Every structure is written in C-alpha cells, then in structure tokens.
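Good morning, and thank you for making time for this. Please bring up the structure, and I will walk you through its pockets.

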Amino acid sequence: MNRAATMMNAHETDILHDRRIALGVTGGIAAFKVAGLVTALRKRGAQVRVIMTEAATWFVTPTSFATLSGNEVGLEMFGGTLRDELQHVHMQDFAEVLLIAPATADIIGKIAHGLADDLLSTTVMALTCPVVLAPAMNVHMWQNPIVQRNVAMLRELGYGFVMPEAGRLASGAEGEGRLAGTDFLLAAVERALQGALPRYDLQGKTIVVSAGPTREPLDPVRFVSNRSTGRMGYALAAEAERRGAEVILISGPTELPAPPGVDVRPVTTNAEMKQAVLAAMPNASAFVSAAAPADYRPAQVHDRKIKKGEKLVLDLEQTDDILLAVGEQARPSVLVGFAAETGDAVAQARPKLARKNLDVLVVNDVAEAGSGFGVDTNRVTILRRDGSESALPLMSKHAVAAAILDEIAPLIS
Ligand code: CTP
C-alpha cells in the first residue's frame, strides 16, 4: 500500500489526523460497505485497526481490510494470524474510539449481556474508550423486542448508536435495517473523539435549512452567482433528519442528491429563496441559514441573449439579506447564521451576531485549506449570543453539522 498516496489529503489540523480508530466488523451483508469507511478514515490521516468476527469473514476477506487499513486484521482470540493472545488488551492502548459496523443482533446481544467469547466481544469488555455501534440487519430482526431492549440497555450504559436507515434491504424487503451511510459513520467517529455520541433529540421539531448559491439572471443564458456547492447545508439537513426533525431544505441550484426524508424546495434566485424561507417560517423551530444567496443581481435582465461585440456594462443592484429579513419579520426560536470570511475571520464575523440577531454564528475562513467551497471538510468557530466561542478542529461537514445541532437542540423551545 502506498502510504504517501493514502495520506495525500491528510491535514494536520484534522480531528482524525493520527488518531487511532478501532473498527469492529461483524457478519452482515453490509460488511463490504465499511471498506469505503476505512479508506475515508485513512485519507484523513487516521490509523485504523480492524477486528473481524468469524461470520464477517464470510462476507469480506480479511485481506481486503488488511490492505485498506495498512494493518493486520484481528480475527481470533487464540492461534489466529496475529499470534498474540493479548490482542484485546493491547487494543485498550491503541483505540481512542471503537466503531462496530455493521453491528449484528448477535454482537449487540453479546455486549448487552457481558458475553466475551471471541476477539471482538472480549475487546469490547476490555475497552474504556467510547464505543459506537452501527446496527444493520433484516427489518424483522431489528424490530424484534429483544434486539430493541438490548439497544436501549446499551444506550443507557453510554454506548453510542448510529441507527440504521429505512430502505431496500439485501433480502429485497423494504424497511428499517440498512447500515447508515459512510458520512454518518464517519461523523459519529469524529464526534466520539470529541466526547459527543450520536443524538436523537429533534423529534417533533421543524428545522428549516437554506443551502447553496442563488443565480441572478443577466440574460436567458447567463447569470451572476458564487462558488457555494451546498454541501454544508445538505449535511445539516441530513443530520437533522437523522435526529428526528421534520426538515425543510430550501436549496439553490446544486449537484447534490436530495437527502432522504427531507422536504427539498428548489429555488433559483435570491428573491425566490427569500419567499420560500419566509413561507416555511410559521412552523419552524429553527432556521439555519447555510446558503450563500447572491448579494447583488443585474439591475437589468435582458430578455434576449446579449451578443458578442455589444457594449456591455454590468450594473448590479443589491439583493435582500434573507437572514436579516427572517430575524426582523418571522423569527423562529433559534436563528443560526454562517459567515464565510477571509483574513481574521472571527473578528470580522463577530458583529454579524448582533446585527442579524442570531443565537449562533458559524464562522469559517474560506481561504484556509480544507475549509470553504467544494470540499467535504470544514474548520469552523462557533460564536454564541452570550459572547462565548468554540474553535472546532477540521472535520467532515457532517461532523460540523452534528456539532452545530448539538448547539441548537437545547435552545429550541
Ligand atoms: N445571507 C442571507 N442573505 C444574503 C446574504 C447572506 O441570508 N443576501 C446569510 C447567509 O446565509 C449567512 C449570513 O447571512 O448565514 C452571513 O452572510 P455574509 O455574506 O457573510 O454576511 P453579510 O452580512 O452579507 O456580510 P458581508 O459584508 O461580509 O458580505
């Protein structure tokens, strides 16, 4: 494995940089999906060690995980390939977090009842770091009261769970039981490293999120816009939906797929976005303004294409500030803004908190590597109304979304 190549995108301020992640893989058809997670963790600079149960090896070969992780895979307690009967104890020194994905009904049941009859279950008993489980199984198994009781018991004991998703299962049946997507698993690992486990605390709340750029037409083929891709807003919408919220996503033009379960309302111009956001406010508990609405639009829109050679002077007029309008006209109980700055980002952003009457302002320096437009990571500082602030490390946009929701969930009345 070419270590230099896999580490190419790693960034020293990344929350995952040089962090030690243990991954437990148990025997389910979703086991192959976590290969992508190992690659994503390594790309961000994490060290990964995988333990597989015997059943897992029926679905994916240990060689795959050894190659992707760059480390030997733990398989058996005794007489296994590692030839080290104390692997479960050594894992205690290595692991800063253990993610079990996919987690079968079997491993959930074993952990809930303190059984330790193979390397993975024994390792779990010996670990003191956060343990996160991502169940994946047939819908009827998942809904079985025994499994649900075991999950409830483990959650009470402080184990984190990335709950399965609804959709088409391997058996062909529809229902809840699919392994959560890689973005959610990765975010759960990143947040666990910060001491925060996945939460499901937004049931019954309506969260409105705006995302992406707007396009302000100049003529039938041209427009004025900006470099926003919508990733941060889409990650927020997806994470809020996971936590049980009704999510309305007012989206400017983006290439991104609609997050499942989210009410996506596409718009093009700033004026359309403003109208759609204000229309969604009456039932909203919170508005998170992650969009980058264009601040200017052509003062005159030509109804036919402007031809080469015509003299062209662009006269721009200012558009409305949507977030300001929401704060003044239809403020929900929680209002969150973003500030994309270059230079001394926090100092430039701080006055916007009061000016726009915000509870939380998320600041990022778009000139910094790994932050800003078109990348999957972001490094932000969270400013609060009470004057306090938290500078977060470089994280995936999904993990930043989870951190922002952790800020706003307690503020929602
Ligand atoms: N925003 C908005 N409508 C606009 C511009 C911005 O709703 N026309 C929102 C963004 O979604 C973001 C916040 O306002 O949440 C901050 O945007 P930003 O452009 O950084 O702030 P401005 O107040 O426009 O300040 P600047 O002078 O730096 O442009």
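Let me start with how elements are named: helices (H or I, at least four residues) and strands (E, at least two) are DSSP runs, numbered from the N terminus. Please keep in mind that this is a predicted model, in which local features need pLDDT of at least 70 and side-chain atom pairs count only at pLDDT 80 or more, while totals for chains, interfaces and linings use all residues. Residues are numbered from 1 along each chain as its sequence is written, and side-chain values use heavy atoms, with hydrogens and water left out.

A pocket here is an open set of points on a 1 Å grid over the protein atoms alone, where a 1.4 Å probe fits, with protein on both sides within 12 Å along at least five of seven lines, and its lining residues have an atom within 4 Å of a point. Points are joined across faces, edges and corners, and a volume is the space filled by probe spheres set on them.

The largest pocket holds about 1200 Å³ of space, and among its 42 lining residues, Thr182, Asp183, Phe184, Ala238 and His398 lie nearest the centre. The largest share of that lining, six residues, is supplied by α10.

The second largest pocket holds about 920 Å³, and of the 40 residues that line it, Ala291, Ala292, Pro293, Phe338 and Ala340 are the closest to its centre. Which element gives the most to this second lining? It is β16, with four residues, while α10 is also one of the elements that give two or more.
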